[in-house]
Amino acid sequence: MHSEIIKPKKKVRGGVMVSHEKNTKDMPVKRIPAPETVTLPMRQHIGAPCVPTVKVGDTVKIGQVVGDTDQYVSAPVHASVSGKVTAVKEVKLASGLVSQAVIIENDGENAMLDFEPPKIESKEDFIKAVRASGLVGLGGAGFPTHVKLNVPADKPVDTLIINAAECEPYITVDYRECLDNSWDVFNGVHLVKDMLGVKHVVIAVEDNKPDAIKILERIAEKQDDKDIVKVMPLKSKYPQGAEKMMVLSATGRKVPPGKLPADVGCVVLNVASAAFISRYCKSGKPLVSRSLTVDGSAIVKPQNVRVPVGTEMDYILKACGGFREEPEKIVCGGPMMGMAIVDTHHPILKSNNAILAFTKKDMSVKKETDCIHCGRCAKACPLSLMPTLIHRYAVAKDVKKLEHAGANVCMECGSCAYSCPAGKPLVQYMRHAKAVLREEAQKK
């Protein structure tokens, strides 16, 4: 039976055309040697941070739980190397947040727990297994996956959307997942589909990845005898991969402000997350390593690498040849929504998918000038917001007008700032607006 290539149901408004810069797309992921020590923060996801379950002096094996909590919106943290716990202390993350962390000295033995595939006989078993795996969104958001999959009974879900868009420039690890681990992707897709009981599956890929579209379609033809899984090429336009944009493209349904895809009958799962679920259910080995793209004009050897969670960024950069010249800016994540960092001695978290470093030549910043009221920021906003208006209300601390203008709806994609001819740091202004609303909420 032929798998069908489908067209998007609805065109996404706004967005910007960014340079793809997929320099590492032809480079399979390379596993680099584990470092001498790893730092495992207890705050690696959206939600409640974990509490260390080990103490200094303990010997641990790969896959052993070193942090957990009884809070629902959370995911356990596992040892990514074997060795001795040398410290349990607070560390600063790349985001600037401070977190408790477990530091493990690698003994080089790669001793693993005796993993067993989880027994899954029901949806409840499946959700427990996903939580036990420690999986959080691997596309960058870091939301605990078991929470996303545990859809309330009063929210019937009929569509599973697999996000393989990877619309940020430079990052190519999801693309490589589609090419190198496509069978894992499909096995994970079918497992999630069966457990959630969904009727439709859409794998969404931007059309600048024709090889990924071809291989996914080919496997769908072989594996999906009921023709439930559809491959949907998307126009290459940022931020096509954002969750709400993905739902609109795949189903034509609009996720209301403050709501989730489940509220309109959808679950959106990153392609690497789907592949990991397949591997975990076969082996029982939890999330202890991840793939990320290391690229940018300052990097000597750009490549895709697989590293233990908790590996220091500096170690990874050196494994890629270091810098050809002093970088002007280092970004954790993509250039549009990533975070600029000044210190490379931060550990890699489960949700980190790239480290980019750029020379001064590639980091020219527009000098900020007065707004010319051209409206390009509003035209680029995929959520139909008016960034300059929100900025004005934020400066005035006009809470009612900020709420009416939808400041909290902003997903901080950066399309407004990218399109602004006046060089306004509009994303920062939007964050300031959200901070004003938070301060007001705390007073109540």
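Guide: Start with one term: a residue is called buried when its relative accessible area is under 20%. And note that this is a predicted model.

Visitor: Okay. Which residues of α6 are buried?

Guide: Met245, Met246, Val247, Leu248, Ser249, Ala250 and Thr251. That is seven of the nine residues in the helix, which spans 243-251.

Visitor: What covers the buried residues of α6?

Guide: The cover includes strands β9 (159-163), β10 (200-206), β11 (229-234) and β12 (266-270).

Visitor: And what follows α6?

Guide: Gly252 does, with a positive phi near 80 degrees.

Visitor: Are Cys167 and Cys381 buried or exposed?

Guide: Buried. Cys167 has a relative accessible area of 13%, and Cys381 comes in at 10%.

Visitor: How many bridges join β2 to β8?

Guide: Five, and β8 covers residues 98-106. For one of the pairings, look at Thr39: its bridge partner in β8 is Ile103.

Visitor: Last topic, aromatics. How many aromatic pairs are there?

Guide: Two. Tyr170 and Phe358 sit edge-to-face, 5.3 Å centre to centre, with 70 degrees between the planes. They are 188 residues apart and link distant parts of the chain. Tyr170 is in the loop between β9 and α3 (173-180), while Phe358 is in strand β17 (354-358). Both are buried: Tyr170 at 14% relative accessible area, Phe358 at 5%.

Visitor: How are Phe276 and Tyr280 arranged?

Guide: Stacked, with centres 6.1 Å apart and 20 degrees between the planes.

Visitor: Where do Phe276 and Tyr280 lie?

Guide: Both are in helix α7 (residues 271-283), four residues apart, about one turn of the helix. An α-helix has 3.6 residues a turn, so residues three or four places apart point the same way. Phe276 is buried at 6% relative accessible area, and Tyr280 is buried at 9%.

Definitions and conventions
Residues numbered from 1 in each chain as written. Predicted model: local features only at pLDDT ≥ 70, side-chain atom pairs only at ≥ 80, totals over all residues. Heavy atoms only, no water. Buried < 20%, exposed > 50% of the residue type's maximum accessible area, 1.4 Å probe, protein only. Pairing = 2+ DSSP bridges. Helix = DSSP H or I, 4+ residues; strand = E, 2+ residues; numbered from the N terminus. Contact = heavy atoms within 4.5 Å. Phe/Tyr/Trp six-rings, centres within 6.5 Å; stacked < 30°, edge-to-face > 60°.
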